[in-house]
Amino acid sequence: MRLSIPRALALVAVAMPLAAQQPAPAGYADAFEGRRPAGSPQVRYAVRVRGVAPAGYDVTMTVRGAPDTVRITFPAWAPGAYRIASFARNIQQVTMRAGARALPVVREDSATWRAVAPGGGEVTIAYRMRFPSAEAAATPNNRSFMTATGGLIDGPQAYAYLPGFTAAPAHVRFDLPRGWRIATGLVPTSDSAVFFAPSYDVLIDSPVLVGRFARWRFAVDGVPHRVAFWLAPRAPAFDTTAFLSTVKRGVTAATAMMRDIPYREYTFLYVDGVGGGLEHLNSTTIGVSAARLAQDPHAAVGVTVHEFFHLWNVKRLRPEALGPFDYQHEVRSRELWWSEGVTDYFAAELSRRAGLLTEAQALEELKGDMQAYVQNPAVGRLSPERTSETAWDTPAVHDGFSLSYYLQGRLIGEMLELRLREATDLRRGMDDVMRLMYARYAGERGFTGAQLQEAAAEVCGCDLSTFWERYIRAGAPLDFDAGLGTMGYQMLVRRVGAMTDDGRAAADLRLGILTPAGYGSAGGAAGGPLRLSVGDPRSVWGRAGLLTGDELVSLAGRPVGTPAEFRRVLGGIRIGDSVAVAVRRAGVPVSVRVPVIGYERVVVDIVERPEVTPRIRAMRRVWMTGTP
């Protein structure tokens with residue numbers, strides 16, 4: 001997530017007229033030049049990938065006009081991923097030289113190195129970024145990996161910065177194996193191996209896909225969009241025409257809704273691997289397996305539209321509390337339910353408008369989200385503002401309960417959309433709220449929760465204070481029937497004993513493992529130790545004392561080190577078993593025994609009410625297409 005937009009952003013977006021609220025070049029030359037603040041050093045990076053099975057890469061950082069004491073440090077977290085990742089822990093062999101003279105290097109703390117260079121001048125800093133394990137390096141994902149055929153270079157992990165000088169522009173050169181390509185949102189130069197960033201903020205917000213990958217281009221309103229897809233060796237073929245059509249239709253629907261294209265070009269970076277995505281200023285990284293696309297070439301539509309829409313909602317329109325960048329400390333906001341969760345809402349809305357979902361499919365997706373919400377025991381306990389503010393934390397801060405601000409914001413978006421349409425005779429909705437917020441608060445300022453409420457009320461022409469207090473601040477369970485009723489539907493909820501496919505009572509296996517991104521600061525590197533996800537503290541696993549974030553050592557007496565092993569062992573557990581589980585919690589061994597029993601699950605249905613009036617049909621039409 002980008003927290004502020006430096007004036008030099010004009011360098012990235014000069015080919016497209018920006019919306020009125022976006023920073024404009026201060027002068028003619030500013031559209032083409034990177035301006036260093038007075039007295040700041042000039043920085044260049046070189047990234048070298050070597051070897052047929054690289055476990056990392058080498059970085060050289062050249063600083064001209066260096067101060068007498070040179071300090072470099074690495075971010076503790078990456079914008080858009082709200083957890084402490086401590087990227088410096090993967091850095092090795094830091095050296096500094098002034099000309100031919102080696103400088104004694106002192107490590108000040110876990111993230112900072114320094115050396116004294118009397119007289120300043122030019123200092124060359126070298127270090128190696130090494131993955132925590134060979135498995136971590138070889139596990140394709142949407143953040144960082146490196147294999148013999150390609151990889152992803154993550155900015156916060158690759159580039160050190162000089163404290164106090166993040167506004168300075170930089171160039172970066174890539175020295176790669178023969179035949180490897182480069183795809184990135186960084187500004188290209190006349191040298192195909194060298195790229196430019198107008199500031200450190202932009203540099204680390206521009207991941208770089210390298211290697212042998214497929215690539216395509218398309219244009220929307222004359223603006224170029226690039227798609228790069230790294231595929232694992234022997235990946236199954238999929239319908240690339242259908243896949244690219246999905247991407248383009250999502251872009252077309254989003255830009256048409258926002259009436260703005262605030263970038264020179266946009267780059268989609270896809271990786272054949274672990275799912276998920278992360279937004280960037282003019283690019284995104286997305287993990288989706290080729291095997292999944294071979295089954296359904298539209299399988300990545302949700303994450304694609306979500307990450308693309310972030311270029312407006314979060315990268316340019318951000319909560320005030322998040323900025324400016326502070327890469328070393330937690331930065332908490334109460335508005336992530338809007339920035340992330342409502343982005344999920346818009347991903348669903350834009351998928352409908354792009355014709356990528358039928359009405360039946362859209363209702364099925366909505367039903368699935370409502371079911372996930374209704375069955376979560378944290379509903380009524382944790383408000384969207386609370387889950388947003390504690391995004392950095394594990395569920396331990398809520399006594400083991402957790403509720404996704406993505407899910408909360410997605411469903412609040414749906415209920416607000418229907419409320420706004422109903423109050424304005426279908427004429428105005430969430431589109432109008434988003435455009436109004438973008439026009440007023442995009443750029444350096446950011447927005448507050450109060451301003452968001454005011455904008456929604458202005459669009460509605462009604463008082464939303466009760467809605468805000470009840471559902472967003474207090475976290476009362478959402479009243480779905482009030483919204484669904486405007487479309488002639490109602491929600492039915494029933495509790496049933498969980499059953500297996502063959503009709504037997506199902507064991508309570510509500511235990512999972514975290515993705516590498518983790519939950520709050522409970523994540524870890526891809527290929528690293530598995531960490532548990534205990535979604536319901538009332539499950540047999542939660543009642544036994546297991547917590548989300550526990551590092552799994554063994555399950556049912558068997559060592560478990562990979563997701564496949566975890567699934568295999570968990571799948572063999574039956575009702576009546578007494579399962580031994582060993583974990584490490586904050587480095588301390590913990591052992592529990594879990595008696596496994598059955599459990600109840602919630603089933604949600606959306607059913608049509610008897611009378612479907614012309615008004616209801618019009619509401620369904622506007623929900624699907626945006627047009628009454």
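This section describes a helix contact, aromatic ring pairs and charges over rings in a predicted model.

Residues are numbered from 1 along each chain as its sequence is written. In this predicted model, local features need pLDDT of at least 70, side-chain atom pairs count only at pLDDT 80 or more, and totals for chains, interfaces and linings use all residues, while side-chain values use heavy atoms, with hydrogens and water left out.

Helix α11 (residues 405–423) and helix α12 (residues 430–441) have axes that come within 8 Å and cross at roughly 105 degrees (helices are DSSP runs of H or I of at least four residues, strands runs of E of at least two, numbered from the N terminus; axes are lines fitted to C-alpha atoms, for helices over the stretch in contact, with angles from 0 to 180 degrees between N-to-C directions). The two helices are therefore roughly perpendicular to each other (65 to 115 degrees). G413, L416, E417, L420 and R421 of α11 meet M430, D431 and V433 of α12 (contact: heavy atoms within 4.5 Å).

The structure holds 33 aromatic pairs (ring centres of Phe, Tyr or Trp, the latter by its six-membered ring, within 6.5 Å). In one of them, the rings of Y82 and W392 have centres 6.1 Å apart and planes at 75 degrees, so the pair is edge-to-face (over 60 degrees). Y82 and W392 are 310 residues apart. Y82 is buried at 6% relative accessibility, and W392 is buried at 2% (buried: under 20% relative accessible area, 1.4 Å probe, protein chains only).

R352 lies over the face of W623, at 3.9 Å from the ring centre (CZ of Arg within 6 Å of the centre and within 35 degrees of the ring normal). R381 lies over the face of F401, at 3.9 Å from the ring centre.

Technical notes: Parallel < 35°, antiparallel > 145°, perpendicular 65-115°, else oblique. Phe/Tyr/Trp six-rings, centres within 6.5 Å; stacked < 30°, edge-to-face > 60°. Buried < 20%, exposed > 50% of the residue type's maximum accessible area, 1.4 Å probe, protein only.
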